[in-house]
Each structure stands twice: as structure tokens, then as C-alpha cells.
Amino acid sequence: MQSVIHAASRIVVKVGSSLVTNDGKGLDRDALARWAAEIADLRRRGKEVVLVSSGAIAEGCQRLGWTTRPKAVHELQAAAAVGQMGLAQAYETAFGLHGQKTAQVLLTHEDLADRTRYLNARSTLTALLALNVVPIINENDTVVTDEIRFGDNDTLGALVTNLIEADALVILTDQQGLYTADPRKNPAAEFVHEAQAGDMALEAMAGGAGSSVGTGGMYTKIIAAKRAARSGAATVIASGREANVLSRLADGEAIGTQLIAPTTRMAARKQWLADHLKLSGRLVLDAGAARALRENGVSLLPIGVTGVDGDFLRGEAVACVDENGAEVARGLVNYSSDEARLIMRRPTREIETVLGYLVEPELIHRDNMVSL
Ligand SMILES: Nc1ncnc2c1ncn2[C@@H]1O[C@H](COP(=O)(O)OP(=O)(O)O)[C@@H](O)[C@H]1O
Ligand SMILES: N[C@@H](CCC(=O)OP(=O)(O)O)C(=O)O
């Protein structure tokens, strides 16, 4: 069995609070230095990596001298704001030693649920990856209330995996991976090397958090693997304390628990667009654009559009039809219907002159489109 990470070119790595803060004793700078060295190594091998790191609340509590995790949301938020400073600074230093640039990205649930903000978050992250920057993501705890919290970063890691259509999610934690029961409570628990993500039997094996600083336990990791599989990504759950864990996974070594996605990324994307998107309008394409989309699956540029039907906003789904009204593709549009009417039939270089700004060069990026 070879690790799925060997062939993965875009990877989300999630590290939990217990690892990052040494079970709440304070930032584990040695661990951060190891992961930074390994992620820099993965970048050199041509893999794109996004890091989702927990630990702000645990580190904030430590810095504020609080010995127990508070229950009140405003106190958790205050702790997160204090701790996040330490996290960002420590990661920047650790990655800087390898000449690797980093960026801090704080997200809320709403950023991923709202279509327009979803597209914005996606373009920022893909732009950072193209610039050879490692984005370091955490939940924006300061502005979220209990009802809209991700709460645990396993869920956030899975949603980021869906957002950027990563090939794999690696969840690093304080256990070797998934066991048939919580190994802290049941010494007879057996290790699970490989399973299908979404297999219901896994949910019964997984228990809650093992330490006082972790939140979701194994259960949220199993659910995260199920979510990641929706966009065709595999999940690996492994120990963040294992030497060179990320580099060895990239070499193909099967460390930890591997949860395989039942569908491929392309099939998952088509299913998602087909299932979830209510079409809000239509773009009529000229013959050249219709052919290019059909035959080469390219992005749609404004110059190939001759008509715009309906009222829609940036991020909504539209159909692309040929001159006879036959649907060629559908996708998430980068400009509203009003903007699209102004820029259709025009070359991309004129977008800024016509609108006064350039959001994206394409009307629909090929990553946000499926051909029919
Ligand atoms: N079936 C299981 N296999 C492995 N670990 C489990 C299982 N069920 C519960 N756990 C617990 O989940 C813990 C990891 O989750 P958590 O404490 O939330 O860590 P993190 O901060 O890395 O997200 C482990 O320390 C372990 O005690
Ligand atoms: N945003 C929170 C992360 C929530 C959390 O505890 O997640 P995890 O340790 O991954 O179960 C923080 O930085 O403290």
C-alpha cells in the first residue's frame, strides 16, 4: 500500500491544538520548526500546501495565565486573539528559516457558505499558492458566535480541501491514526490502516477529544474525511510527532490511517455542480467560444459571449449555451449580469476600462465550470 500523498499535488495539512501547544503548555516551537521544514521540502518537490493550524485558544489561555479553558464565548474569543499573534509569529519565523513565505488567512463559516465570499476566498488562496506562499489558516474566532462556529479545525480543514479542490487532507494529531476504539480508554483497540471515507462503521469507532485542549476528538476527523471525499480528496490521519511524517508520506510511505475517497475529483465536481446549483441565468456564446469550451474545456472570456439572460450576482451558477440554445457548460460566474452585459464581446484588457476595476480576467474560470 502506497500513501496517497505521493501522487497528490495539492495538499491541506491540519495540525491540532494538542500538538501545536504541547497539550496546552505553550507553543511547541520544535514541532513547528519540523513541520515548516517538511512543508518547505514538499514545496520544493512541486507540491502545493495549505496549512490549517489550531492552537490560538490554547496558546492565548497560556499567555493570559488561565489554567482552565474558559466556557464563555467572549473569553474564548479574547484568548484566540491573543494566541493567534503568537501562532502567526512562530510560523513566520519557522518558515522564514527555509526562505518560505507564509500568509495568515482567518476564515469564518459564512465566508465558505456565501457564494461570493467563497469565490473570493478561493481566488485568494489559489493566488497565494501560485505565488509560492504557504497560507496558514485558522478560524476567525474573534467575530464568530457559537451558532456559526466551525468549532473544530478538522471541519475547517475539510471545507478548505473542498474550497481549493485539494487532492488530499492530512490531519496530524497526537495519535498514530484511527483505532477501532479510543486507545486512551481501550488498550485492546486495533489500528485501522485503510478504509473508505464515509464508511459508517468508522463513526462508531471514533470517540471525543483525548486532551483538555483538543476539541473534536477522532469523531470530527472521520466526519472531516467524509466531507473531504465529497470533492474527491483522500484523508490521511497520522501522528504529528512521527519523525519526518510529511516527507515520508510524500515519498509514498503508508503512515497513519488512509481514508480513500470513493469518487474521483472530476466526478465529485460534476456531481456537486449538477446537484447543488440552481441556475440563475444564461450566457450565450459565439461559435468559437462554444467550440473551445466543448473541445478544450477552457475558461470562458467575455469576448466569446454575445448575450446575457437573467439577473445574477458574482458567484452564482449560470448555463453557457451555444447560438442554438444548447447547453455547453455551466459554472460559477465571476461578474454579475449587469457587469457581464457591459463587458461581453470585449477583450479581457478592456474590462478595467469599462468597469473601472478588474475582478478576474475570465467570466467563468475553468476550475469553476463543468462541460456537459
Ligand atoms: N478511535 C479512536 N482512535 C484514535 N483516537 C481516538 C479515537 N477515539 C477518540 N480518540 C481520541 O482523539 C484524540 C485526538 O483528537 P483531539 O484531542 O481533538 O486532537 P487534535 O487537537 O489533534 O484535533 C486522541 O488523543 C484520542 O484520545
Ligand atoms: N480556532 C481554534 C481551533 C479549534 C480547535 O481546538 O481545534 P482542534 O484542536 O483542531 O480540535 C484555535 O485556534 O484555538
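## Helix packing

Axes here are lines fitted to C-alpha atoms, for helices over the stretch in contact, and angles run from 0 to 180 degrees between N-to-C directions. Helices (H or I, at least four residues) and strands (E, at least two) are DSSP runs numbered from the N terminus. The model is predicted: local features need pLDDT of at least 70, side-chain atom pairs count only at pLDDT 80 or more, and totals for chains, interfaces and linings use all residues. Residues are numbered from 1 along each chain as its sequence is written, and side-chain values use heavy atoms, with hydrogens and water left out.

Helix H3 (residues 56-64) packs against helix H4 (residues 73-96) at an angle of about 95°, and their axes are 6 Å apart. H3 is therefore roughly perpendicular to H4 (angles under 35 degrees count as roughly parallel, over 145 as roughly antiparallel, 65 to 115 as roughly perpendicular and the rest as oblique). On the H3 side, the contact (heavy atoms within 4.5 Å) is made by Ala56, Ile57, Glu59, Gly60, Cys61, Arg63 and Leu64. H4 contributes Leu76, Ala79, Ala80, Val82, Gly83, Gln84, Gly86 and Leu87. Nine of the residues in this contact are nonpolar, four polar and two charged (Ala, Val, Leu, Ile, Met, Phe, Trp, Tyr, Cys and Pro count as nonpolar, Asp, Glu, Lys and Arg as charged, and the others, Gly among them, as polar).

## Burial of H3

The buried residues of H3 are Ala56, Ile57, Ala58, Glu59, Gly60 and Cys61 (buried means under 20% relative accessible area, exposed over 50%, partly exposed in between, with a 1.4 Å probe and protein chains only). Their cover includes H4 and S4. After H3 comes Gly65, with a positive phi near 75°.

## Nonpolar cores

A nonpolar core is a set of buried Ala, Val, Leu, Ile, Met, Phe, Trp, Tyr and Cys residues joined through side-chain atoms within 4.5 Å. The largest has 40 residues, of which Val12, Leu107, Leu112, Ile137, Leu156, Ile164 and Leu259 touch the most other members. Among the elements giving two or more residues to this core are strand S2 (48-53), helix H6 (115-130) and helix H9 (217-230). H9 supplies the largest share, six residues.

Leaving aside neighbours within four places in sequence, Leu112 is in contact with Leu107, Tyr118, Ala121, Phe150, Leu156, Leu159 and Leu163. A second, separate core of 39 residues includes Ile5, Trp35, Phe95 and Leu172.

## Positive phi in loops

Asn132, in the loop between H6 and S4, is not a glycine but has a positive phi of about 60°. Asn132 is partly exposed, at 39% relative accessible area. Glu165, also not a glycine, has a positive phi of about 50° and lies in the loop between H7 and S5. Glu165 counts as buried, at 11% relative accessibility.

Conventions: Chains lettered and ligands numbered in written order.
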